Amino acid sequence: MSPLILPFDQASFYNLVAELLAGELLSRVLKRRKRSTTYLGLVAAAASVSAERQGILVPPDLLEDLLKNEDFWAALAANNTDLAVDLVNPVIAGNGSLSGSGMAAAVVVGEVLIAADSELPPEQRLHLARIEQVRTILDEASSYLAGIQEELRQGFERVVQLVEGSADGTIQRRELPATPLAHSADSTLVARTCLTELLALQQPWGEWSDRRTELESVIAERRHRGDTSIPKPNVARTLFALEALDRFDDSHVDHARDRALTWMTSNLLDGWFWEWSQGQTEHSETRILEARRRADVRHTAQVLTALCRWQDRRDHLDAMARNLVASQLQPSGLWPNNARGATPRILATVYAVEALASIVGNVFRLPVADLLNRDEERAVRRSLRHGIDALIQASDRGGGLLGTEGTDGSPYLTGLALFRLGRLSQPGSELAELSSTLVDGLLRTTQVFGWEDRSVPPALRAATRRRTTLRCAAGLARLDVAGFQVSRELLQHSLSLVEFYVINAEEQGLDSPDYACGLIGILAMLQDLDLSPSLGKVITEAISKQVTYKAGWAEEIEILLESWHPFRALSVPGYIDVSAEYLDRLHMLK
(Lines give C-alpha, C1' and ligand atoms only; values in the text may rest on other atoms or scores of the structure.)
Protein backbone atom coordinates (compact mmCIF):
# COMPACT_ATOMS: atom_id res chain seq x y z
CA MET A 1 0.00 0.00 0.00
CA SER A 2 1.42 3.38 -0.91
CA PRO A 3 2.06 5.72 2.03
CA LEU A 4 -0.49 8.40 2.84
CA ILE A 5 0.53 12.04 3.25
CA LEU A 6 -1.82 14.00 5.47
CA PRO A 7 -1.76 17.78 6.08
CA PHE A 8 -2.04 17.42 9.88
CA ASP A 9 0.37 17.48 12.84
CA GLN A 10 -0.67 13.98 13.95
CA ALA A 11 -0.23 12.65 10.42
CA SER A 12 2.09 9.78 11.27
CA PHE A 13 -0.27 8.15 13.72
CA TYR A 14 -3.38 8.87 11.68
CA ASN A 15 -1.71 6.88 8.92
CA LEU A 16 -0.95 4.05 11.32
CA VAL A 17 -4.55 3.84 12.50
CA ALA A 18 -5.97 4.08 8.97
CA GLU A 19 -3.74 1.31 7.69
CA LEU A 20 -4.31 -0.78 10.80
CA LEU A 21 -8.08 -0.60 10.45
CA ALA A 22 -7.72 -1.38 6.78
CA GLY A 23 -6.19 -4.73 7.76
CA GLU A 24 -2.40 -4.37 7.46
CA LEU A 25 -0.33 -6.33 9.98
CA LEU A 26 1.04 -4.17 12.77
CA SER A 27 4.55 -5.55 12.34
CA ARG A 28 4.65 -4.11 8.81
CA VAL A 29 3.04 -0.81 9.80
CA LEU A 30 5.43 -0.09 12.67
CA LYS A 31 8.39 -0.23 10.32
CA ARG A 32 7.17 2.91 8.57
CA ARG A 33 5.04 4.78 11.14
CA LYS A 34 5.51 6.21 14.62
CA ARG A 35 2.78 6.36 17.18
CA SER A 36 1.56 9.59 18.81
CA THR A 37 1.08 9.61 22.58
CA THR A 38 -1.20 12.63 22.32
CA TYR A 39 -3.44 10.84 19.88
CA LEU A 40 -3.53 7.69 22.05
CA GLY A 41 -4.54 9.81 25.02
CA LEU A 42 -7.45 11.31 23.10
CA VAL A 43 -8.59 7.87 21.97
CA ALA A 44 -8.31 6.44 25.49
CA ALA A 45 -10.24 9.33 27.04
CA ALA A 46 -13.04 9.16 24.49
CA ALA A 47 -13.37 5.37 24.72
CA SER A 48 -13.38 5.52 28.53
CA VAL A 49 -16.23 8.06 28.59
CA SER A 50 -18.29 6.04 26.10
CA ALA A 51 -17.74 2.79 28.01
CA GLU A 52 -18.74 4.42 31.29
CA ARG A 53 -22.09 5.40 29.76
CA GLN A 54 -22.70 1.67 29.27
CA GLY A 55 -21.80 0.78 32.85
CA ILE A 56 -18.16 -0.15 32.20
CA LEU A 57 -15.47 1.67 34.20
CA VAL A 58 -12.10 1.90 32.49
CA PRO A 59 -9.45 4.30 33.88
CA PRO A 60 -8.21 6.40 30.93
CA ASP A 61 -4.56 6.23 32.00
CA LEU A 62 -4.62 2.42 32.17
CA LEU A 63 -6.41 2.24 28.83
CA GLU A 64 -3.82 4.54 27.28
CA ASP A 65 -1.04 2.26 28.56
CA LEU A 66 -2.85 -0.67 26.96
CA LEU A 67 -3.06 1.17 23.63
CA LYS A 68 0.72 1.46 23.69
CA ASN A 69 0.92 -2.34 23.78
CA GLU A 70 1.77 -3.64 20.32
CA ASP A 71 0.17 -6.99 21.16
CA PHE A 72 -3.27 -5.33 21.42
CA TRP A 73 -3.07 -3.76 17.94
CA ALA A 74 -1.50 -6.89 16.47
CA ALA A 75 -4.45 -8.91 17.79
CA LEU A 76 -6.91 -6.56 16.10
CA ALA A 77 -4.93 -6.56 12.88
CA ALA A 78 -5.05 -10.38 12.89
CA ASN A 79 -8.78 -10.46 13.79
CA ASN A 80 -7.85 -12.21 17.06
CA THR A 81 -10.80 -10.92 19.08
CA ASP A 82 -10.25 -13.30 21.99
CA LEU A 83 -6.71 -12.03 22.62
CA ALA A 84 -7.82 -8.38 22.41
CA VAL A 85 -10.60 -9.07 24.94
CA ASP A 86 -8.13 -10.84 27.26
CA LEU A 87 -5.80 -7.84 27.16
CA VAL A 88 -8.61 -5.40 27.92
CA ASN A 89 -10.12 -7.36 30.83
CA PRO A 90 -7.40 -6.43 33.41
CA VAL A 91 -7.88 -2.67 32.92
CA ILE A 92 -11.63 -2.76 33.58
CA ALA A 93 -12.45 -1.57 37.12
CA GLY A 94 -14.21 -4.07 39.36
CA ASN A 95 -17.19 -1.98 40.39
CA GLY A 96 -18.89 -1.47 37.01
CA SER A 97 -22.21 -3.08 36.20
CA LEU A 98 -20.66 -5.15 33.40
CA SER A 99 -17.11 -5.44 34.75
CA GLY A 100 -15.43 -8.80 34.63
CA SER A 101 -17.39 -10.12 31.68
CA GLY A 102 -16.12 -10.86 28.20
CA MET A 103 -19.02 -8.76 26.91
CA ALA A 104 -17.65 -5.70 28.75
CA ALA A 105 -14.19 -6.15 27.28
CA ALA A 106 -15.63 -6.60 23.79
CA VAL A 107 -17.61 -3.36 24.19
CA VAL A 108 -14.46 -1.50 25.30
CA VAL A 109 -12.56 -2.80 22.27
CA GLY A 110 -15.37 -1.58 20.05
CA GLU A 111 -15.37 1.86 21.71
CA VAL A 112 -11.60 2.10 21.17
CA LEU A 113 -12.07 1.55 17.44
CA ILE A 114 -14.89 4.10 17.30
CA ALA A 115 -12.74 6.66 19.15
CA ALA A 116 -9.79 5.92 16.85
CA ASP A 117 -12.00 6.75 13.87
CA SER A 118 -13.59 9.84 15.45
CA GLU A 119 -10.18 11.41 16.08
CA LEU A 120 -9.16 11.04 12.43
CA PRO A 121 -9.08 14.28 10.35
CA PRO A 122 -12.49 15.33 9.00
CA GLU A 123 -11.21 14.95 5.44
CA GLN A 124 -10.79 11.20 5.96
CA ARG A 125 -14.33 10.90 7.27
CA LEU A 126 -16.03 12.45 4.24
CA HIS A 127 -16.48 8.99 2.78
CA LEU A 128 -16.86 7.04 6.02
CA ALA A 129 -20.33 8.32 6.92
CA ARG A 130 -21.60 4.79 7.36
CA ILE A 131 -19.46 4.46 10.51
CA GLU A 132 -22.46 6.03 12.29
CA GLN A 133 -24.21 2.69 11.87
CA VAL A 134 -21.55 0.84 13.83
CA ARG A 135 -23.21 1.47 17.19
CA THR A 136 -26.17 -0.68 16.18
CA ILE A 137 -23.85 -3.68 16.02
CA LEU A 138 -23.18 -3.48 19.78
CA ASP A 139 -26.10 -5.85 20.43
CA GLU A 140 -24.11 -8.66 18.85
CA ALA A 141 -20.66 -8.36 20.37
CA SER A 142 -19.37 -11.45 18.61
CA SER A 143 -19.73 -9.76 15.20
CA TYR A 144 -19.12 -6.21 16.39
CA LEU A 145 -15.40 -5.96 15.70
CA ALA A 146 -15.70 -7.70 12.35
CA GLY A 147 -18.43 -5.27 11.36
CA ILE A 148 -16.28 -2.24 12.19
CA GLN A 149 -13.31 -3.61 10.33
CA GLU A 150 -15.42 -4.35 7.27
CA GLU A 151 -16.92 -0.86 7.26
CA LEU A 152 -13.48 0.75 7.36
CA ARG A 153 -11.95 -1.65 4.87
CA GLN A 154 -14.64 -0.75 2.33
CA GLY A 155 -13.99 2.96 2.74
CA PHE A 156 -10.22 2.93 2.91
CA GLU A 157 -9.52 3.03 -0.80
CA ARG A 158 -11.57 6.20 -1.00
CA VAL A 159 -9.65 7.60 2.00
CA VAL A 160 -6.40 7.11 0.09
CA GLN A 161 -7.80 9.09 -2.84
CA LEU A 162 -9.22 11.72 -0.52
CA VAL A 163 -5.97 12.95 0.98
CA GLU A 164 -3.66 15.40 -0.74
CA GLY A 165 -1.16 17.80 0.82
CA SER A 166 2.15 17.62 2.62
CA ALA A 167 3.24 16.22 5.96
CA ASP A 168 4.01 19.63 7.46
CA GLY A 169 0.47 20.93 6.92
CA THR A 170 1.21 23.39 4.14
CA ILE A 171 -0.59 23.47 0.82
CA GLN A 172 1.75 22.49 -1.98
CA ARG A 173 1.88 23.59 -5.60
CA ARG A 174 0.62 20.93 -8.01
CA GLU A 175 3.26 19.47 -10.30
CA LEU A 176 0.80 17.55 -12.52
CA PRO A 177 -2.61 18.51 -13.95
CA ALA A 178 -5.48 17.92 -11.54
CA THR A 179 -7.85 15.03 -12.09
CA PRO A 180 -11.03 16.41 -13.73
CA LEU A 181 -14.17 16.39 -11.61
CA ALA A 182 -17.24 14.46 -12.67
CA HIS A 183 -20.08 16.40 -14.31
CA SER A 184 -23.60 15.72 -13.18
CA ALA A 185 -26.70 15.99 -15.30
CA ASP A 186 -27.45 19.25 -13.51
CA SER A 187 -24.07 20.97 -13.97
CA THR A 188 -24.93 22.90 -17.13
CA LEU A 189 -28.41 23.75 -15.83
CA VAL A 190 -26.97 25.18 -12.62
CA ALA A 191 -24.36 27.27 -14.45
CA ARG A 192 -27.00 28.64 -16.83
CA THR A 193 -29.33 29.48 -13.97
CA CYS A 194 -26.61 31.39 -12.14
CA LEU A 195 -25.59 33.31 -15.25
CA THR A 196 -29.19 34.17 -16.20
CA GLU A 197 -30.05 35.46 -12.74
CA LEU A 198 -26.81 37.43 -12.43
CA LEU A 199 -27.45 39.27 -15.68
CA ALA A 200 -31.05 39.94 -14.65
CA LEU A 201 -30.21 41.22 -11.17
CA GLN A 202 -28.07 44.17 -12.25
CA GLN A 203 -29.84 47.49 -11.78
CA PRO A 204 -29.79 50.13 -14.55
CA TRP A 205 -27.26 52.38 -12.80
CA GLY A 206 -24.74 49.50 -12.57
CA GLU A 207 -25.11 48.21 -8.99
CA TRP A 208 -26.19 44.63 -8.35
CA SER A 209 -29.38 44.33 -6.33
CA ASP A 210 -29.91 43.14 -2.77
CA ARG A 211 -32.37 40.26 -2.55
CA ARG A 212 -31.77 39.04 0.98
CA THR A 213 -34.61 37.59 2.95
CA GLU A 214 -35.55 39.50 6.09
CA LEU A 215 -33.80 36.88 8.22
CA GLU A 216 -30.63 37.16 6.12
CA SER A 217 -30.78 40.95 6.50
CA VAL A 218 -30.85 40.56 10.28
CA ILE A 219 -27.91 38.14 10.15
CA ALA A 220 -25.97 40.51 7.87
CA GLU A 221 -26.72 43.43 10.23
CA ARG A 222 -28.73 45.23 7.57
CA ARG A 223 -32.15 46.50 8.53
CA HIS A 224 -35.28 45.45 6.71
CA ARG A 225 -36.57 47.72 4.01
CA GLY A 226 -39.56 49.09 5.91
CA ASP A 227 -37.70 51.66 8.03
CA THR A 228 -36.12 55.03 7.25
CA SER A 229 -32.51 53.83 7.01
CA ILE A 230 -30.49 54.50 3.88
CA PRO A 231 -29.53 51.27 2.10
CA LYS A 232 -25.84 50.46 2.06
CA PRO A 233 -24.32 50.31 -1.42
CA ASN A 234 -23.89 46.79 -2.75
CA VAL A 235 -20.22 47.01 -3.68
CA ALA A 236 -19.20 43.47 -2.71
CA ARG A 237 -22.00 41.79 -4.63
CA THR A 238 -21.19 43.99 -7.64
CA LEU A 239 -17.54 42.91 -7.44
CA PHE A 240 -18.55 39.24 -7.17
CA ALA A 241 -20.85 39.56 -10.18
CA LEU A 242 -18.13 41.17 -12.29
CA GLU A 243 -15.80 38.30 -11.47
CA ALA A 244 -18.43 35.71 -12.35
CA LEU A 245 -19.10 37.38 -15.72
CA ASP A 246 -15.42 37.73 -16.56
CA ARG A 247 -15.39 34.37 -18.38
CA PHE A 248 -17.87 35.55 -21.01
CA ASP A 249 -17.02 37.51 -24.15
CA ASP A 250 -20.13 39.39 -25.26
CA SER A 251 -21.13 43.00 -25.83
CA HIS A 252 -24.01 42.70 -23.35
CA VAL A 253 -21.59 41.53 -20.66
CA ASP A 254 -19.13 44.31 -21.58
CA HIS A 255 -21.91 46.89 -21.21
CA ALA A 256 -22.87 45.44 -17.80
CA ARG A 257 -19.24 45.73 -16.66
CA ASP A 258 -18.95 49.33 -17.89
CA ARG A 259 -22.11 50.35 -16.02
CA ALA A 260 -20.82 48.75 -12.81
CA LEU A 261 -17.42 50.46 -13.00
CA THR A 262 -19.08 53.81 -13.77
CA TRP A 263 -21.30 53.44 -10.71
CA MET A 264 -18.30 52.55 -8.54
CA THR A 265 -16.14 55.47 -9.68
CA SER A 266 -19.03 57.95 -9.44
CA ASN A 267 -18.88 57.50 -5.66
CA LEU A 268 -15.11 58.05 -5.41
CA LEU A 269 -13.65 61.30 -4.08
CA ASP A 270 -10.12 61.90 -2.81
CA GLY A 271 -9.35 58.18 -2.91
CA TRP A 272 -12.36 57.11 -0.83
CA PHE A 273 -15.65 55.45 -1.68
CA TRP A 274 -18.29 57.65 -0.07
CA GLU A 275 -21.66 56.25 0.99
CA TRP A 276 -24.77 57.62 2.65
CA SER A 277 -25.29 56.89 6.33
CA GLN A 278 -27.36 58.26 9.17
CA GLY A 279 -25.83 59.99 12.16
CA GLN A 280 -25.74 63.06 14.34
CA THR A 281 -23.26 65.89 14.36
CA GLU A 282 -21.63 66.81 17.67
CA HIS A 283 -23.60 70.07 17.87
CA SER A 284 -26.98 68.45 17.15
CA GLU A 285 -29.69 69.29 19.72
CA THR A 286 -32.30 66.87 18.36
CA ARG A 287 -32.60 63.11 18.13
CA ILE A 288 -33.30 63.24 14.39
CA LEU A 289 -30.59 61.49 12.41
CA GLU A 290 -29.03 63.45 9.57
CA ALA A 291 -28.08 61.89 6.23
CA ARG A 292 -24.35 62.24 5.71
CA ARG A 293 -21.67 60.93 3.42
CA ARG A 294 -18.91 58.92 5.01
CA ALA A 295 -15.76 57.26 3.69
CA ASP A 296 -15.99 53.47 3.84
CA VAL A 297 -12.78 51.42 4.08
CA ARG A 298 -14.22 48.08 2.98
CA HIS A 299 -15.99 49.47 -0.08
CA THR A 300 -12.93 51.52 -1.02
CA ALA A 301 -10.85 48.32 -0.98
CA GLN A 302 -13.43 46.45 -3.07
CA VAL A 303 -13.51 49.20 -5.69
CA LEU A 304 -9.69 49.29 -5.78
CA THR A 305 -9.66 45.53 -6.49
CA ALA A 306 -12.20 46.01 -9.30
CA LEU A 307 -10.33 48.92 -10.90
CA CYS A 308 -7.06 46.98 -10.84
CA ARG A 309 -8.70 44.20 -12.85
CA TRP A 310 -10.95 46.02 -15.31
CA GLN A 311 -9.88 49.66 -15.63
CA ASP A 312 -7.12 50.71 -18.04
CA ARG A 313 -6.71 54.19 -16.55
CA ARG A 314 -4.62 54.69 -13.44
CA ASP A 315 -7.11 57.21 -12.01
CA HIS A 316 -7.80 56.91 -8.27
CA LEU A 317 -5.47 53.92 -7.69
CA ASP A 318 -2.63 55.75 -5.94
CA ALA A 319 -4.92 57.78 -3.67
CA MET A 320 -6.97 54.70 -2.72
CA ALA A 321 -3.82 52.74 -1.85
CA ARG A 322 -2.52 55.59 0.32
CA ASN A 323 -5.86 55.85 2.13
CA LEU A 324 -5.93 52.13 2.91
CA VAL A 325 -2.42 52.26 4.34
CA ALA A 326 -3.28 55.30 6.46
CA SER A 327 -6.48 53.73 7.86
CA GLN A 328 -4.84 50.52 9.10
CA LEU A 329 -5.14 50.20 12.86
CA GLN A 330 -2.02 49.85 14.98
CA PRO A 331 -0.67 47.74 16.53
CA SER A 332 -3.22 45.08 15.47
CA GLY A 333 -2.67 45.41 11.72
CA LEU A 334 -6.41 45.08 11.10
CA TRP A 335 -8.68 47.62 9.40
CA PRO A 336 -11.92 49.30 10.59
CA ASN A 337 -15.10 49.58 8.54
CA ASN A 338 -14.89 53.33 8.04
CA ALA A 339 -12.09 55.85 7.74
CA ARG A 340 -12.51 57.23 11.27
CA GLY A 341 -13.31 53.91 12.90
CA ALA A 342 -11.28 52.38 15.70
CA THR A 343 -12.86 48.92 15.90
CA PRO A 344 -10.83 46.25 14.04
CA ARG A 345 -12.88 44.20 11.56
CA ILE A 346 -11.86 40.89 10.02
CA LEU A 347 -13.91 41.34 6.85
CA ALA A 348 -12.61 44.87 6.22
CA THR A 349 -9.10 43.48 6.67
CA VAL A 350 -9.69 40.70 4.15
CA TYR A 351 -10.77 43.19 1.49
CA ALA A 352 -7.97 45.65 2.32
CA VAL A 353 -5.37 42.87 2.05
CA GLU A 354 -6.89 41.77 -1.28
CA ALA A 355 -6.73 45.32 -2.65
CA LEU A 356 -3.13 45.92 -1.58
CA ALA A 357 -2.10 42.48 -2.85
CA SER A 358 -3.66 43.39 -6.20
CA ILE A 359 -1.53 46.55 -6.32
CA VAL A 360 1.68 44.81 -5.26
CA GLY A 361 1.02 41.71 -7.37
CA ASN A 362 0.71 43.74 -10.58
CA VAL A 363 -2.90 42.81 -11.23
CA PHE A 364 -3.18 46.25 -12.82
CA ARG A 365 -1.47 46.65 -16.19
CA LEU A 366 1.28 48.81 -14.63
CA PRO A 367 3.73 47.68 -11.93
CA VAL A 368 3.42 49.20 -8.47
CA ALA A 369 6.59 51.24 -9.02
CA ASP A 370 4.80 53.16 -11.79
CA LEU A 371 1.82 53.94 -9.55
CA LEU A 372 3.55 54.99 -6.32
CA ASN A 373 6.82 56.60 -5.33
CA ARG A 374 9.42 54.53 -3.51
CA ASP A 375 8.34 55.50 0.01
CA GLU A 376 4.67 54.87 -0.79
CA GLU A 377 5.48 51.49 -2.31
CA ARG A 378 7.40 50.46 0.82
CA ALA A 379 4.51 51.61 2.98
CA VAL A 380 2.04 49.56 0.92
CA ARG A 381 4.19 46.43 1.13
CA ARG A 382 4.70 46.89 4.87
CA SER A 383 0.97 47.43 5.42
CA LEU A 384 0.16 44.33 3.35
CA ARG A 385 2.55 42.13 5.35
CA HIS A 386 1.16 43.45 8.61
CA GLY A 387 -2.41 42.76 7.48
CA ILE A 388 -1.63 39.21 6.38
CA ASP A 389 0.16 38.53 9.67
CA ALA A 390 -2.89 39.80 11.56
CA LEU A 391 -5.15 37.40 9.63
CA ILE A 392 -2.75 34.49 10.20
CA GLN A 393 -2.77 35.19 13.94
CA ALA A 394 -6.56 35.42 13.94
CA SER A 395 -6.88 32.11 12.08
CA ASP A 396 -4.40 30.44 14.43
CA ARG A 397 -6.49 31.55 17.41
CA GLY A 398 -9.57 30.08 15.76
CA GLY A 399 -7.99 26.76 14.86
CA GLY A 400 -7.94 27.62 11.17
CA LEU A 401 -11.16 29.67 11.25
CA LEU A 402 -11.42 33.45 11.18
CA GLY A 403 -13.69 35.18 13.65
CA THR A 404 -14.05 38.23 15.82
CA GLU A 405 -12.01 38.47 19.01
CA GLY A 406 -13.34 36.30 21.82
CA THR A 407 -15.71 34.27 19.63
CA ASP A 408 -15.51 30.92 17.88
CA GLY A 409 -14.20 31.04 14.36
CA SER A 410 -16.73 31.35 11.56
CA PRO A 411 -16.67 29.09 8.47
CA TYR A 412 -18.52 31.90 6.67
CA LEU A 413 -15.75 34.46 7.26
CA THR A 414 -13.15 31.78 6.60
CA GLY A 415 -14.68 30.68 3.30
CA LEU A 416 -15.14 34.28 2.21
CA ALA A 417 -11.50 35.08 3.05
CA LEU A 418 -10.31 32.07 1.05
CA PHE A 419 -12.60 33.13 -1.81
CA ARG A 420 -11.01 36.58 -1.87
CA LEU A 421 -7.37 35.77 -1.11
CA GLY A 422 -6.68 32.22 -2.25
CA ARG A 423 -6.44 33.19 -5.92
CA LEU A 424 -3.66 35.71 -5.10
CA SER A 425 -1.48 33.20 -3.22
CA GLN A 426 2.01 32.46 -4.53
CA PRO A 427 4.04 29.40 -3.47
CA GLY A 428 5.99 30.08 -0.30
CA SER A 429 4.25 33.41 0.34
CA GLU A 430 2.52 34.53 3.52
CA LEU A 431 -0.78 34.46 1.64
CA ALA A 432 -0.15 30.79 0.81
CA GLU A 433 0.46 30.13 4.50
CA LEU A 434 -2.81 31.86 5.36
CA SER A 435 -4.68 29.92 2.69
CA SER A 436 -3.28 26.65 4.03
CA THR A 437 -4.54 27.48 7.51
CA LEU A 438 -7.98 28.44 6.20
CA VAL A 439 -8.32 25.21 4.21
CA ASP A 440 -7.42 23.26 7.35
CA GLY A 441 -10.18 25.08 9.24
CA LEU A 442 -12.74 24.34 6.53
CA LEU A 443 -11.75 20.67 6.46
CA ARG A 444 -12.35 20.39 10.20
CA THR A 445 -15.82 21.89 9.93
CA THR A 446 -17.07 20.15 6.78
CA GLN A 447 -20.52 18.63 7.22
CA VAL A 448 -22.86 16.67 4.96
CA PHE A 449 -24.69 19.94 4.25
CA GLY A 450 -21.45 21.85 3.70
CA TRP A 451 -20.74 24.68 6.13
CA GLU A 452 -22.74 27.09 8.28
CA ASP A 453 -22.03 30.44 9.94
CA ARG A 454 -21.14 29.83 13.59
CA SER A 455 -21.04 33.54 14.41
CA VAL A 456 -24.86 33.69 14.56
CA PRO A 457 -27.08 32.15 17.27
CA PRO A 458 -27.52 28.36 16.89
CA ALA A 459 -31.20 28.73 16.02
CA LEU A 460 -30.29 30.76 12.93
CA ARG A 461 -27.36 28.72 11.64
CA ALA A 462 -29.36 26.44 9.37
CA ALA A 463 -30.44 29.56 7.44
CA THR A 464 -26.78 30.39 6.73
CA ARG A 465 -25.77 27.05 5.19
CA ARG A 466 -26.48 28.03 1.60
CA ARG A 467 -24.56 31.31 1.52
CA THR A 468 -21.70 29.92 3.63
CA THR A 469 -21.29 26.76 1.55
CA LEU A 470 -21.38 28.61 -1.77
CA ARG A 471 -18.58 30.93 -0.63
CA CYS A 472 -16.48 28.09 0.79
CA ALA A 473 -16.89 26.08 -2.41
CA ALA A 474 -15.89 29.06 -4.57
CA GLY A 475 -12.84 29.69 -2.39
CA LEU A 476 -11.64 26.08 -2.60
CA ALA A 477 -12.22 26.02 -6.35
CA ARG A 478 -10.26 29.23 -6.88
CA LEU A 479 -7.35 27.93 -4.83
CA ASP A 480 -7.34 24.79 -6.95
CA VAL A 481 -7.32 26.85 -10.16
CA ALA A 482 -4.39 28.85 -8.76
CA GLY A 483 -2.43 25.60 -8.91
CA PHE A 484 -2.48 24.47 -5.29
CA GLN A 485 -3.40 20.95 -4.22
CA VAL A 486 -6.98 20.66 -3.05
CA SER A 487 -8.54 17.26 -2.41
CA ARG A 488 -10.47 15.97 -5.43
CA GLU A 489 -13.00 14.41 -3.06
CA LEU A 490 -13.52 17.70 -1.20
CA LEU A 491 -13.97 19.55 -4.48
CA GLN A 492 -16.44 16.93 -5.72
CA HIS A 493 -18.35 17.28 -2.45
CA SER A 494 -18.37 21.07 -2.90
CA LEU A 495 -19.53 20.79 -6.50
CA SER A 496 -22.44 18.57 -5.49
CA LEU A 497 -23.45 21.07 -2.81
CA VAL A 498 -23.31 24.02 -5.24
CA GLU A 499 -25.64 22.18 -7.57
CA PHE A 500 -27.94 21.16 -4.73
CA TYR A 501 -28.32 24.66 -3.26
CA VAL A 502 -28.92 26.35 -6.62
CA ILE A 503 -31.44 23.76 -7.83
CA ASN A 504 -33.30 23.69 -4.52
CA ALA A 505 -33.51 27.45 -4.02
CA GLU A 506 -36.72 28.84 -2.61
CA GLU A 507 -39.34 30.32 -4.90
CA GLN A 508 -37.91 33.83 -4.60
CA GLY A 509 -34.49 32.58 -5.75
CA LEU A 510 -31.03 33.24 -4.40
CA ASP A 511 -29.28 36.52 -3.74
CA SER A 512 -26.87 37.86 -6.37
CA PRO A 513 -23.62 36.96 -4.50
CA ASP A 514 -24.97 33.42 -4.09
CA TYR A 515 -25.40 33.13 -7.84
CA ALA A 516 -21.98 34.73 -8.40
CA CYS A 517 -20.19 32.33 -6.05
CA GLY A 518 -22.12 29.41 -7.51
CA LEU A 519 -21.10 30.33 -11.06
CA ILE A 520 -17.49 31.05 -10.12
CA GLY A 521 -17.24 27.77 -8.25
CA ILE A 522 -18.82 25.55 -10.88
CA LEU A 523 -16.83 27.08 -13.77
CA ALA A 524 -13.60 26.75 -11.81
CA MET A 525 -14.27 23.12 -10.88
CA LEU A 526 -15.53 22.17 -14.35
CA GLN A 527 -13.05 23.87 -16.65
CA ASP A 528 -14.48 22.25 -19.78
CA LEU A 529 -18.06 23.42 -19.15
CA ASP A 530 -18.88 25.81 -22.00
CA LEU A 531 -21.93 28.08 -21.94
CA SER A 532 -21.01 30.13 -25.00
CA PRO A 533 -23.34 28.23 -27.40
CA SER A 534 -26.34 29.17 -25.27
CA LEU A 535 -25.20 32.65 -24.23
CA GLY A 536 -27.63 34.41 -26.59
CA LYS A 537 -30.62 32.57 -25.14
CA VAL A 538 -29.39 33.24 -21.60
CA ILE A 539 -29.18 36.99 -22.25
CA THR A 540 -32.67 37.06 -23.78
CA GLU A 541 -34.10 35.24 -20.76
CA ALA A 542 -32.24 37.57 -18.39
CA ILE A 543 -33.66 40.68 -20.06
CA SER A 544 -37.15 39.23 -19.73
CA LYS A 545 -36.66 38.50 -16.04
CA GLN A 546 -35.23 41.95 -15.41
CA VAL A 547 -38.53 43.56 -16.47
CA THR A 548 -40.23 41.85 -13.53
CA TYR A 549 -37.42 42.70 -11.11
CA LYS A 550 -37.48 46.39 -12.09
CA ALA A 551 -41.06 46.73 -10.84
CA GLY A 552 -40.00 45.47 -7.42
CA TRP A 553 -36.95 47.75 -7.30
CA ALA A 554 -39.10 50.75 -8.20
CA GLU A 555 -41.55 49.91 -5.41
CA GLU A 556 -38.73 49.71 -2.87
CA ILE A 557 -37.42 53.13 -3.88
CA GLU A 558 -40.90 54.63 -3.68
CA ILE A 559 -41.23 53.28 -0.12
CA LEU A 560 -37.86 54.79 0.80
CA LEU A 561 -38.75 58.19 -0.68
CA GLU A 562 -42.04 58.20 1.22
CA SER A 563 -40.28 57.36 4.50
CA TRP A 564 -37.83 60.24 3.97
CA HIS A 565 -40.56 62.79 3.16
CA PRO A 566 -40.88 64.16 6.73
CA PHE A 567 -37.12 64.71 6.90
CA ARG A 568 -37.13 66.58 3.62
CA ALA A 569 -40.05 68.69 4.83
CA LEU A 570 -38.08 69.59 7.97
CA SER A 571 -34.96 70.30 5.88
CA VAL A 572 -32.96 67.78 7.87
CA PRO A 573 -29.45 67.92 6.36
CA GLY A 574 -28.73 65.39 3.65
CA TYR A 575 -32.20 64.08 2.88
CA ILE A 576 -32.85 66.40 -0.07
CA ASP A 577 -29.61 65.21 -1.70
CA VAL A 578 -30.09 61.50 -1.04
CA SER A 579 -33.72 61.75 -2.20
CA ALA A 580 -32.61 63.39 -5.44
CA GLU A 581 -30.17 60.52 -6.03
CA TYR A 582 -32.88 57.91 -5.53
CA LEU A 583 -35.35 59.85 -7.69
CA ASP A 584 -32.85 59.60 -10.54
CA ARG A 585 -32.72 55.84 -10.00
CA LEU A 586 -36.52 55.65 -10.00
CA HIS A 587 -36.61 57.44 -13.36
CA MET A 588 -34.11 54.92 -14.77
CA LEU A 589 -36.39 52.09 -13.69
CA LYS A 590 -39.54 53.64 -15.12
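Student: Before we start, what does "buried" mean here?
Tutor: Buried means under 20% relative accessible area, exposed means over 50%, and partly exposed is in between. Keep in mind that this is a predicted model.

Student: OK. Is Gly422 buried or exposed?
Tutor: Gly422 has a relative accessible area of 0%, so it counts as buried.

Student: Next, Arg423. What does Arg423 form a salt bridge with?
Tutor: With Glu354. The closest N and O atoms are 2.8 Å apart. Arg423 sits in the loop between H18 and H19, and Glu354 in helix H15 (residues 346–360), so the pair ties together parts 69 residues apart in sequence.

Student: Which residues are linked with Arg423 in a network of salt bridges?
Tutor: Glu243, Asp246, Asp254, Arg257, Arg309, Glu354, Arg420 and Arg478 are linked with Arg423 in that network.

Student: How many salt bridges does the structure hold?
Tutor: The structure holds 27. One of them joins the side chains of Glu207 and Arg585, at 3.5 Å from N to O. Glu207 is in the loop between helix H9 (187–200) and helix H10 (214–219), while Arg585 is in helix H24, 378 residues apart.

Student: Why does Glu207 count as buried?
Tutor: Because its relative accessibility is 4%, and the cut-off for buried is under 20%. Arg585 is buried too, with a relative accessible area of 11%.

Student: Staying in H24, is Ala580 buried, exposed or in between?
Tutor: Ala580 belongs to helix H24 (residues 575–589). Its relative accessible area is 38%, so it is partly exposed.

Student: Switching to helix packing. At what angle do H20 and H22 cross?
Tutor: At roughly 35 degrees. The axes of helix H20 (residues 465–481) and helix H22 (residues 512–525) come within 8 Å. The crossing is left-handed.

Student: What kinds of residues make up the contact of H20 with H22?
Tutor: There are 10 nonpolar, 2 polar and 5 charged. On the H20 side they include Leu470, Arg471 and Ala474, and on the H22 side they include Asp514, Cys517 and Ile520.

Student: Which residue does Arg471 form a salt bridge with?
Tutor: Asp514. Their closest N and O atoms are 2.9 Å apart. Arg471 in H20 and Asp514 in H22 are 43 residues apart. Arg471 and Asp514 are buried.

Student: Last one, Gln311. Where does Gln311 lie?
Tutor: In the loop between helix H13 (297–310) and helix H14 (317–327). Gln311 has a relative accessible area of 8%, so it is buried.

Student: Which backbone oxygens lie by a polar atom of the side chain of Gln311?
Tutor: One is from Arg313, at 2.8 Å. Another is from Asp315, at 3.3 Å. Leaving aside neighbours within four places in sequence, Gln311 is also in contact with Thr265, Ala306 and Phe364.

Note on methods: Residues numbered from 1 in each chain as written. Predicted model: local features only at pLDDT ≥ 70, side-chain atom pairs only at ≥ 80, totals over all residues. Heavy atoms only, no water. Buried < 20%, exposed > 50% of the residue type's maximum accessible area, 1.4 Å probe, protein only. Helix = DSSP H or I, 4+ residues; strand = E, 2+ residues; numbered from the N terminus. Polar contact = N/O pair within 3.5 Å; in protein donor to acceptor, adjacent residues only side chain to side chain. Contact = heavy atoms within 4.5 Å. Axes fitted to C-alpha atoms, helices over the stretch in contact; angles between N-to-C directions. Left-handed = near helix turned anticlockwise from the far one by under 90°. Nonpolar A, V, L, I, M, F, W, Y, C, P; charged D, E, K, R; others polar. Salt bridge = Lys/Arg side-chain N within 4 Å of Asp/Glu carboxyl O.
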